[in-house]
Amino acid sequence: MVRALGRRARVASAAALLLAALAGCGTDSLSGGGQSGAPLADEPSSKVNVATAEMVAAKKASKVEACEEGSASDGGLPSIVLPCLGGGESADLASFEGPMVINLFQGFCAPCKEEMPALQSFYETYGDEVPVIGIDVMDTVPGVALEEAISRGVTFPMYADPGGELQGGPLTARSVPATYVLSTSGEVELLQMGGMTSASQVKELVEKKLGIEL
């Protein structure tokens with residue numbers, strides 16, 4: 001099961017509807033975007049604060065790894081600089097090299113939360129060979145996304161795309177969760193749209209898509 005998103009790249013009003021829908025989902029102590037953590041439906045998502053003081057403190061107290069720029073000049077992903085979720089170094093996606101697993105998620109997405117332990121387990125076992133990063137996409141409440149990830153033991157680096165800069169490119173979020181793989185040759189392919197429940201399942205899909213053996 002996946003959660004459908006609006007297509008910001010095609011119709012601007014769709015993004016506005018998405019923000020309005022998210023605004024009715026509730027609030028959280030780490031939520032960014034407005035007074036008392038409430039998301040602002042009339043505020044452009046690109047203005048959402050993805051590193052509030054509360055978020056920075058929560059991340060510092062967790063085991064979430066720091067965001068780091070990659071070493072490639074053009075690893076295959078679009079040249080889009082994304083801020084680090086919860087504070088830290090921003091990174092140009094084009095600096096990342098494959099093989100890599102890229103998970104797109106949101107804080108109020110139930111299937112996203114259910115899938116996090118499987119991705120974390122894969123990362124703990126195979127992260128040295130195939131790194132994992134998360135990207136909180138088009139989310140007016142990134143504090144919720146960070147808190148949910150921390151509560152489920154996620155330690156891989158996470159970035160944020162509140163303004164939907166990825167839409168229309170190879171990492172378009174047509175629904176969440178959506179997980180992509182980046183190959184060593186710079187090709188991006190959809191790995192799975194939700195439903196991953198174990199590290200072994202993630203491993204099997206990664207091996208099949210990338211043509212590698214872990």
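Predicted model: local features only at pLDDT ≥ 70, side-chain atom pairs only at ≥ 80, totals over all residues.
Colleague: How many helices and strands does the chain have, and in what order do the elements run?

Modeller: The chain has 5 helices and 9 strands, and from the N terminus on its elements run β-α-α-β-β-β-α-β-α-β-β-β-β-α. Of the 214 residues in the chain, 53% are buried. Among the contacts between residues at least 6 apart in sequence, 70% join residues at least 24 apart.

Colleague: Why are α2 and α4 called roughly parallel to each other?

Modeller: The axes of α2, residues 53-61, and α4, residues 142-151, come within 10 Å and cross at roughly 15 degrees. Angles under 35 degrees count as roughly parallel, and therefore α2 and α4 are given that description. The crossing in which α2 passes α4 is left-handed.

Colleague: Which residues make the contact of α2 with α4, and how do they divide by class?

Modeller: From α2 the contact takes Met 55, Ala 58 and Lys 59, and from α4 it takes Pro 142, Gly 143, Leu 146 and Ile 150. These residues divide into 5 nonpolar, 1 polar and 1 charged.

Colleague: What makes α3 and α5 roughly perpendicular to each other?

Modeller: Helix α3, residues 110-126, and helix α5 have axes that come within 8 Å and cross at roughly 70 degrees. The range for roughly perpendicular is 65 to 115 degrees, so α3 and α5 are placed in that class. Their crossing is right-handed. On the α3 side the residues that meet α5 are Ala 118, Leu 119, Ser 121, Phe 122 and Tyr 126, and on the α5 side they are Ala 199, Val 202, Lys 203 and Val 206. By class, this contact has 7 nonpolar, 1 polar and 1 charged residues.

Colleague: Why is Glu 207 called buried?

Modeller: Glu 207, in helix α5, residues 199-210, has a relative accessible area of 18%. Buried means under 20%, so Glu 207 is counted as buried. Leaving out residues up to four places away in sequence, Glu 207 touches Ile 212, Glu 213 and Leu 214.

Colleague: How do you know that Ser 95 is buried, and what does its side chain contact?

Modeller: Ser 95 is found in the loop between β3, residues 91-92, and β4, residues 100-105. Its relative accessible area is 4%, and because buried means under 20%, Ser 95 is buried. A polar atom of the Ser 95 side chain lies 2.7 Å from the backbone oxygen of Asp 92. Not counting residues up to four places away in sequence, Ser 95 touches Glu 69, Gly 70, Ser 71 and Ala 72.

Colleague: What makes Glu 97 count as partly exposed?

Modeller: Glu 97 is likewise found in the loop between β3 and β4, and its relative accessibility is 47%. Buried means under 20% and exposed over 50%, with partly exposed in between, so Glu 97 counts as partly exposed. Apart from neighbours within four places in sequence, Glu 97 is in contact with Ser 71, Ala 72 and Leu 182. The C-alpha atoms of Glu 97 and Thr 184 are 6.5 Å apart in space, although these residues are 87 apart in sequence.

Colleague: Why is the pair formed by the side chains of Glu 97 and Ser 71 called a polar contact?

Modeller: The contact that joins these two side chains is 3.3 Å. A polar contact needs a pair of N or O atoms within 3.5 Å, so the distance between Glu 97 and Ser 71 meets that limit.

Colleague: Which of the words buried or exposed applies to Ser 62, and which to Ser 73?

Modeller: Both residues are in the loop between α2 and β2. Ser 62, at 17% relative accessibility, counts as buried because buried means under 20%. Ser 73, with a relative accessible area of 76%, is exposed because exposed means over 50%. Polar atoms of the Ser 62 side chain lie 2.7 Å from the backbone oxygen of Lys 59 and 3.2 Å from the backbone nitrogen of Val 64. The C-alpha atoms of Ser 73 and Leu 93, 20 residues apart along the chain, are separated by 9.9 Å.

Note on methods
Residues numbered from 1 in each chain as written. Heavy atoms only, no water. Helix = DSSP H or I, 4+ residues; strand = E, 2+ residues; numbered from the N terminus. Buried < 20%, exposed > 50% of the residue type's maximum accessible area, 1.4 Å probe, protein only. Polar contact = N/O pair within 3.5 Å; in protein donor to acceptor, adjacent residues only side chain to side chain. Contact = heavy atoms within 4.5 Å. Axes fitted to C-alpha atoms, helices over the stretch in contact; angles between N-to-C directions. Parallel < 35°, antiparallel > 145°, perpendicular 65-115°, else oblique. Left-handed = near helix turned anticlockwise from the far one by under 90°. Nonpolar A, V, L, I, M, F, W, Y, C, P; charged D, E, K, R; others polar.
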